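Hi! Have it open while you read, and follow the points in order.

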Amino acid sequence: MASLQSSSVIGSLAYSSGRCRRGMTRAAINMPKLRTSGGGLSLRLPARDLVQEVLDMGIGLSAATTSHVEKKYQSSTVSNVSDPMVIAKLHEIMEAVADRVEMHKNIGEQRDNWNSLLLTSINAITLTAATMAGIAATNVGGPLMALKLSSTLMYLAATGMLVVMNKIQPSQLVEEQRNAARLFKQLHCQIQTTLSSGNPNTSDVEEAMEKVLALDKAYPLPLIGVMLEKFPKTVEPAVWWPQHRQRQEGRTYGNGWSVELEEEMREIVGVLKRKDTEDYLRLGKIALKVNKILSISGPLLTGMAACGTSFVGSSHAPWAAIVGVVAGAMASVVNTMEHGGQVGMVFEMYRNNAGFFRLMEETIESNLNERDVGRRENGELFEMKVALQLGRSLSGLKNLAASSSKKGEAIEEFASKLF
């Protein structure tokens, strides 16, 4: 009787353990056989077969799990490996950008030398011609003709050199090359960051190419044909970025955007448009007008001095000598104010500052206009970047947005603290 009870218990245990495997493997468990021997019952348990089947089932399950993990790891590793051709292209672009940095730096130094050498030479010629005109007014006879002719020729030479110098504006050219070298260095660092911290793709290559070409167009190296207009009819911010800026997908490590942050960014854009960009365009217009007046006055005064010197010794000798000497001296002063004061460089600086704020406006608006917040730049990182570019802390940026929302267009504070 006891053997029958043990047989039923073992059978129920084997049945319940088989159901707990959830159908993964079906083990064939043979029920124990009962036989009589001398009027009693004996029980034979298939213990070895049962243990072997359980072990085989565990080994099969672990092997399947291991193979699944290995396949998943291999697929994830393959997906994270960058295309070698993409990396090679980015390295080629980096080399080209580094070469452009050196070119703009060297040419900027050369044109800075142009500015200083031409300024010194033209002033020396002008003052020498004025001195000779004054000496000629006190002499008669042979030396008079030599002094008068020499002074006239020197004034004419100074007039021609001033026309060329005022046309190309060497100080403005230096500022263009300086800005180009800085922006190409910035692009070089951006490509390095893309290579080191991400998984670059073909869109990164295309974006880098577009930025290089946009910088080449914004700051050309040649002087003939493609040189930027030094006296434009309307003052516009400098544009050195591609007009169709591509969104970098998958670059965010989280969203970070909220309704408050969007409102804050909209207020910052409003302040940039109303105050910073508008103010630098206004200053650029003033600098352009001053530069135009000085550029016209210099050659005009040296031309007047040449005409006055040519009449020295005639019946109009007193007035001719006065015009020749005074106009020459004034021409030196005007030339020093224009090129020594680097008015062209000041105009280019204002134009580039306005372009910097215009780029910030477009960057913020492009993020706000993107409906899919997952494709935007990370909100917290973007807010920190805007604050750093404006020279403000995060709390200062929030205070500026709050002040703008309260005062509106009546706000007197500028967004930028840097310049």
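1. Let's start on helix α8 (residues 317-340), where I322 sits; helices here are DSSP runs of H or I with at least four residues, strands are runs of E with at least two, and both are numbered from the N terminus. I322 is at 44% relative accessibility and so counts as partly exposed. For that scale, buried is under 20% relative accessible area, exposed is over 50%, and partly exposed is in between, using a 1.4 Å probe and protein chains only.

2. Before going on, keep in mind that this is a predicted model, in which local features need pLDDT of at least 70 and side-chain atom pairs count only at pLDDT 80 or more, while totals for chains, interfaces and linings use all residues. Residues are numbered from 1 along each chain as its sequence is written, and side-chain values use heavy atoms, with hydrogens and water left out.

3. Back to I322: together with W319, V326 and M330 it makes a nonpolar surface patch of about 440 Å². A patch is built from residues with over 30% relative accessible area and no salt bridge, joining like charges within 9 Å and nonpolar side chains (Val, Leu, Ile, Met, Phe, Trp, Tyr) within 5 Å. A salt bridge, in turn, is a side-chain nitrogen of Lys or Arg within 4 Å of a carboxyl oxygen of Asp or Glu.

4. Is N335 buried or exposed? N335 also lies in helix α8, but with a relative accessible area of 1% it is buried. Its neighbours, leaving aside residues up to four places away in sequence, are L119, I122, N123, L162 and G340; touching, or contact, means heavy atoms within 4.5 Å. Take L119: it is 216 residues from N335 in sequence, yet their C-alpha atoms are 7.3 Å apart in space.

5. Now zoom out. The protein has eleven helices and two strands, and from the N terminus the order is α-β-β-α-α-α-α-α-α-α-α-α-α. There are 419 residues, and 37% of them count as buried. If you take the contacts with a separation of 6 or more, 82% come from residues 24 or more positions apart. The accessible surface is about 24,300 Å², with 61% of it belonging to carbon and sulfur atoms; these areas come from the Shrake-Rupley method with a 1.4 Å probe, and for residues only the protein chains shown count as cover.

6. Have a look at how helix α7 (residues 259-310) meets helix α11 (residues 394-407): their axes come within 9 Å and cross at roughly 75°. The two are therefore roughly perpendicular. On the α7 side the contact uses E264, M265, E267, I268, V271 and R274, and on the α11 side L397, K398, L400, A401, S404 and S405. The axes are lines fitted to C-alpha atoms, for helices over the stretch in contact, with angles from 0 to 180 degrees between N-to-C directions. Under 35 degrees counts as roughly parallel, over 145 as roughly antiparallel, 65 to 115 as roughly perpendicular, and the rest as oblique.

7. Two loop residues are worth a click. Q169 isn't a glycine, but its phi is positive, near 50°; you'll find it in the loop between α4 (142-168) and α5 (170-197). Q169 is buried, at 0% relative accessible area, and among the residues it touches are K230, F231, N291 and H339. Q342 has a positive phi too, about 55°, and isn't a glycine either. Q342 is in the loop between α8 and α9 (343-369), and at 24% relative accessibility it counts as partly exposed.

8. Last, the charges: the count comes to 16 salt bridges. One of them joins E175 and R178 (2.3 Å, N to O), both in helix α5 and three residues apart, about one turn of the helix. E175 is buried at 7% relative accessibility, whereas R178 is partly exposed at 46%. Another pair is E365 and K273 (2.8 Å, N to O); E365 is in helix α9 and K273 in helix α7, so this pair ties together parts 92 residues apart in sequence. K398 and E383 also meet in a salt bridge (3.0 Å, N to O), linking helix α11 to helix α10 (residues 379-389). Finally, E262, E263, R266 and R376 form a network of salt bridges.
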